[in-house]
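Have a look at the sequence and the model below.

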Amino acid sequence: DKQRRKSIHDALKAFPVSTETSTNGDGSKSIVLFAKKAKSAGQSGPVNRKRRRNTDFPKGAYTSFVLYKENTDTNEAISRLSGMLRTSPKHFFFAGTKDKRAVTSQEMRIKGFGPSRLAALNKGLRSGQIALGNFSTAQLADPLLLGQLSGNQFTILLRGIDEATTPETISHAVRSVKEAGFINYFGLQRFGGGRNPTHEVGIQLLAGNIRKAIEMILEPLDPSIGDPNASINPKRAEINKALADYLAGKTSASDAVEKIPQWMHVERTILSSYAQQGAEKDHRRAFGALPYTLRMMYMHAVQSYIWNTMATARAKGGPLDFAEEGDLVYEDGAGVAKTSAEAKEQDDRPVRSVRQVTAEEARAKRVPIGDVVLPLIGEEVAAPAGPVGAAVKRLMESLDVDLSKPIQKGLGFRAYGSYRRLIGSPKDVQYEIIRHKTDDEEILLTDRREMSGARQGGGEGEKCALKIQFSLEAAEYATMCLRELTKQESSALMQRTVLKHSSAE
């Protein structure tokens, strides 16, 4: 209760820490501790963190900056930056997460820290994996929210092009995907790279099996599973043992979390919550300790899995050139339907009005396939009718999941639903065939590498690579576009197999 929290705060004043109270997904309160910076020589009086944070920008303003990262998860980068600033990750605002296994740049906003304070962080980011730049401060009315982006631009290099592949073949493949597009599946990264796919964890959460869901999240990952040629390194083996021992009850959460690296922020957050609880083991509270965007990830994965099933059913049920009778399309000139403030906070796009394609329109081939949409099922968006709807109904019954009904309270999220185009269409497509000598030749330079004076390789040699650039709408996956372009699976195992085959040749 309030009096108990006041007593805790009073007791903590005796220690060199600052506190911040936050509300968990189950409605309970957590007190987060931040170590205070030691006073410099000759300094007297308490450290005024608020004054230090507000010296170089207007009060109430958000500082906008660009986050550059390499082979780093967005939430991992934010966790690291928030630790350096001694603030909560919830003070960072962004429109969406970017792939870990890529070099990415995206706009971020933060309230309470000015450009000079943020720029100073670059000195502590010596690994080169994270950098901040393009700082600007403006009196913005709102922070940057999830979903507030029009799309993403990609520059991708495909190595290992078979020597027998002619320029004409490459040109035809690029032109085909540019004109016809690709089935707009959610990519494999939507479902995570852990031992258990995120949609399977989400199914357990929706069923109320929170303990089981957390056990699935904490289950150790063995990279060699499914790839007999892969091996597990000693560090990963140590991490796996710590997680396995905790799940088996052989060690405490406090001991286990000490052996989990910082980049495994999901596992660390859950174990830290259990460690704070002691013997209480409140699973709902442990899950609620995760940032809101991560909690939503599991529900979104279930929606995505069901949507992919619908897309497959529609692709098998008719041609993919024009809309069929009963397909859903946005109403002509339809505005945005009313959406509550909660829906916007839940990372759901405003729901537009849709209608069914008529038999006359289908016979006349009046509606292109690019206009067809399928629902991300939620409280405000129901499953479609016909064969596609029947396939979805069978799937949800087998999973014992019904997203059209309100999600049980206490999980900290809701599924309102939205619509997604069946066909993704890349824009601004450009490509270049590049000859090179070795597999590790640096053919594609990042902006940072160019600024450092690095020289771009390529131009001659016996090996062939394809550099392709394109833009996609928000939530469309480049991996699915490349899957259509190359006619190959996009799994990590398949890509490793292709690279090994190419290197052997």
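## Helix H3, end to end

Helix H3 covers residues 74-85, and its 12 residues should span 16 Å at 1.5 Å a residue; the end C-alpha atoms sit 17 Å apart, which agrees. The expected span here is 1.5 Å times one less than the number of residues. Helices (H or I, at least four residues) and strands (E, at least two) are DSSP runs, numbered from the N terminus.

Several H3 residues are buried, among them Ala77, Ile78, Leu81 and Leu85; buried means under 20% relative accessible area, with exposed over 50% and partly exposed in between (1.4 Å probe, protein chains only). Just past the helix, Arg86 has a positive phi of about 55 degrees.

## What you are looking at

This is a predicted model, where local features need pLDDT of at least 70 and side-chain atom pairs count only at pLDDT 80 or more, while totals for chains, interfaces and linings use all residues. Residues are numbered from 1 along each chain as its sequence is written, and side-chain values use heavy atoms, leaving out hydrogens and water.

E9 (residues 328-330) joins E10 through 3 bridges in the antiparallel sense, and Tyr330 has Val354 in E10 as its bridge partner. Contact means heavy atoms within 4.5 Å; axes are lines fitted to C-alpha atoms, for helices over the stretch in contact, and angles run from 0 to 180 degrees between N-to-C directions.

## The sheet of 3 strands

Another open sheet has the order E7-E15-E14, again with antiparallel pairing. E7 (151-158) and E14 (427-436) are at the edges with a single partner strand each, so one side of each has no neighbour in the sheet. The twist averages 10 degrees from one strand to the next.

E14 and E15 (residues 463-473) pair over 8 bridges, with Glu432 opposite Lys467 in E15. Helix H17 (residues 478-486) packs against E7 and E15, at about 130 degrees to E15. Helix H5 (residues 167-180) lies across E14 and E15, running at about 160 degrees to E14.

Terms used. Pairing = 2+ DSSP bridges.
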